Amino acid sequence: MLLNTLSVSAIEVNTDWFLQLKNEIEKKDAEKLLQETEVSLYDAKDLQRNDLITRFLKELAFIHIYKTKDLESAMELLMEALKLDEGSKDKNNLIYTYFGIALIFEEVDDYFNSAQFLEQAIRLNREGQSEDLQILLKQKLGEVYTKMEEHEKAFVLYQDILNYAQDVRYPELEAKTWMKIARLEQLQQKYDAALKSLINALTIQRRIKDLENEARSLQSIGEIYASLGNTQRALENFKVALGLWDEISPNEMGLATTYNSVASLYLSEKLPENALANLKLALRNAQKSQHQPLIMSTYQLLSKAYKAMGDYQQAFEAQEIYVALDDFIQKEKEDRSILKMQNRYLINQKQSTIDELEFNRIQREFELEEETRSKNFIMILFGFAVIVLLLILAFLFNQKRNNRKLAAANAQVASQNKELQEANATKDKFFSIIGHDLKGPLNSLTSFSSLLMHHTESLSKEEIQMLATDLDKSLKNLFALLENLLEWSRSQTGNIEFKAELFDLTETLHKNVGLLSQQAENKKIKIQVTNIEPIPVKAHENSVNTVIRNLLSNAIKFTPEGGKIKLGITEKDEFWVVNIADSGVGMPESVVDKIFRIDTKHSTQGTAKEKGTGLGLILCKEFVEKNGGQISVKSKEGKGSLFSFTLPKT
């Protein structure tokens with residue numbers, strides 16, 4: 001129920017609150033409801049009462065959902081409530097916020113998100129153990145699952161509700177649940193099971209004298225018999241339903257629906273006169289109810305009845321009215337569809353904020369649990385320490401002797417572990433270099449072979465010759481890489497030394513650019529080499545070549561489409577400095593600090609989700625240092641990275 005005063009000390013948001021609120025929304029004018037609740041909200045904000053603020057925010061949101069249909073405003077209010085609820089220690093405050101968000105997603109036909117928020121609300125309420133609220137949430141989730149055609153999930157929920165209703169002897173809920181189960185069974189064309197469920201509902205409704213729902217059950221039973229071709233049983237149920245509809249007020253929509261069903265049966269039995277008599281009664285009640293789809297359906301049946309009787313003039317007039325109503329209703333549907341699309345777009349824009357708030361809530365819960373576990377752990381640790389101390393005091397002499405033995409054993413184990421780690425690191429590096437060094441040429445070979453296989457007819461002789469030349473070049477590069485890998489493997493086992501030899505460093509840069517140019521072209525990345533003059537250096541050429549290739553490959557990997565990579569050689573004191581700069585994603589300081597360390601393996605996907613082993617830069621560091629140089633990196637997130645390594649001039 002809406003509150004116009006803030007004299008209460010605390011507000012409990014429960015099922016009764018929601019049902020009273022919904023009743024108020026149905027009875028009162030929307031503008032008046034909004035004004036009353038906004039006044040209460042302002043007063044609550046003046047008092048800085050978060051419990052009242054979130055309550056009135058939810059009330060305003062539900063008014064917009066059920067009355068004004070202003071879903072964007074409703075979502076804004078629920079987002080504000082969500083922020084307050086996230087900071088509250090009472091998790092129950094979140095339940096109706098999630099429920100409101102679920103209703104909004106359902107309104108825009110986003111059933112997946114609606115179901116997710118309802119499931120979260122059910123999980124939260126499971127801890128609070130509010131059975132009435134749990135039933136309300138499960139009923140709504142069952143409806144959403146039905147719209148999603150997740151019939152099995154909906155059935156499980158309705159079965160839970162049914163069991164609860166039977167346990168607490170709640171006949172109204174039990175009967176309604178049987179009707180929902182019957183609807184699911186009808187959708188799955190399980191007509192025998194649906195009849196049994198409806199008969200169960202009918203038995204309860206007659207016992208508790210629920211005439212309106214009894215009439216609905218009879219109507220549904222008649223429809224099932226009609227689907228099964230049992231006209232007599234269908235008519236019997238429809239006639240009893242008509243009697244009940246007449247007794248209730250009367251109920252114009254119920255009467256019109258049932259008269260239409262009876263008329264359809266008579267038409268199927270080739271009795272158009274009987275059908276016409278029922279359709280005239282149906283039309284009178286449908287017009288009183290002002291339910292356009294029902295009126296349209298009646299005119300469609302009237303057209304069929306007049307046509308069957310040979311009165312084509314009347315049939316034509318009824319058909320014209322049906323078509324006009326259909327056009328009108330279709331236009332309304334299209335307008336609603338456009339509005340739903342607009343609302344869905346606006347509401348989905350809030351999804352990231354909802355996700356962020358939900359993430360923060362979960363993180364806070366996790367931190368609280370961690371804090372509790374830490375406290376418990378400290379207490380246990382303290383008790384354990386006392387016990388250990390007593391044991392140490394009691395067995396001091398024996399412990400010292402054991403410690404000496406243990407120290408010797410630990411030293412031996414540590415030595416063995418170190419050897420094992422080095423062996424594992426060597427093995428990992430070996431496999432890593434295979435992945436890094438062979439990927440580029442193999443990609444090139446794949447591209448060339450694909451061109452030759454799929455475009456041979458469209459290629460000229462000169463183009464085929466050019467492709468064959470490039471293919472030969474890639475094969476030679478691949479062979480050279482395999483030789484390098486074998487040399488590196490021998491170097492790790494002590495069978496080869498890093499012997500310096502004279503070579504042109506500028507040429508090595510250009511050679512690697514040519515080797516990886518296809519990868520760069522695939523991502524539309526421009527590569528520029530600033531040096532053209534030869535720069536002779538004396539170092540181990542194969543290892544330097546591997547370093548440049550790895551750094552350039554990484555630059556391509558972490559540079560997005562349309563980016564730039566710049567390679568150059570500068571002179572500094574007694575060293576040549578090779579620089580490879582990119583305009584890629586960059587790295588935070590936490591990553592920069594550990595990319596060259598073997599004890600903290602780090603691997604990141606490239607901008608096109610390229611995979612890496614995380615050991616390429618570690619290999620570069622080892623090769624540079626074996627050549628007497630140093631490697632370093634400067635990087636900033638979103639700005640790119642600059643990798644540099646030095647080689648001695650002599």
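In the predicted model, K526 has K564 of β4 as its bridge partner, and this pairing belongs to the contact between β2 and strand β4 (residues 564–572), two strands that run parallel and are joined by 4 bridges. Both strands form part of an open sheet of 5 strands, arranged in the order β2-β4-β5-β7-β6 and with mixed pairing. Because β2 (526–529) and β6 (631–636) stand at the edges and each has a single partner strand, one side of each is left without a neighbour in the sheet. From one strand to the next, the twist averages 15 degrees. Helix α21 (residues 541–557) packs on this sheet, where it touches β2, β4, β5 (575–582), β6 and β7 (640–648), and the direction of α21 makes about 175 degrees with that of β7.

Turning to the pockets, the largest pocket has a volume of about 1,100 Å³ and is lined by 43 residues, with Q139, E143, K176, K180 and N213 lying nearest its centre. Two or more residues are given to this lining by each of the elements α1 (15–27), α3 (50–68), α5 (93–107), α7 (131–147), α9 (171–187), α11 (211–227) and α13 (252–268); the largest share, 8 residues, comes from α9.

Methods. Residues are numbered from 1 along each chain as its sequence is written. This is a predicted model: local features need pLDDT of at least 70, side-chain atom pairs count only at pLDDT 80 or more; totals for chains, interfaces and linings use all residues. Side-chain values use heavy atoms; hydrogens and water are left out. Two strands pair if DSSP finds at least two bridges between them. Axes are lines fitted to C-alpha atoms, for helices over the stretch in contact, and angles run from 0 to 180 degrees between N-to-C directions. Contact means heavy atoms within 4.5 Å. On a 1 Å grid over the protein atoms alone, a cavity is a set of points where a 1.4 Å probe fits but cannot get out, and a pocket is an open set with protein on both sides within 12 Å along at least five of seven lines; lining residues have an atom within 4 Å of a point. Grid points are joined across faces, edges and corners, and a volume is the space filled by probe spheres set on the points.
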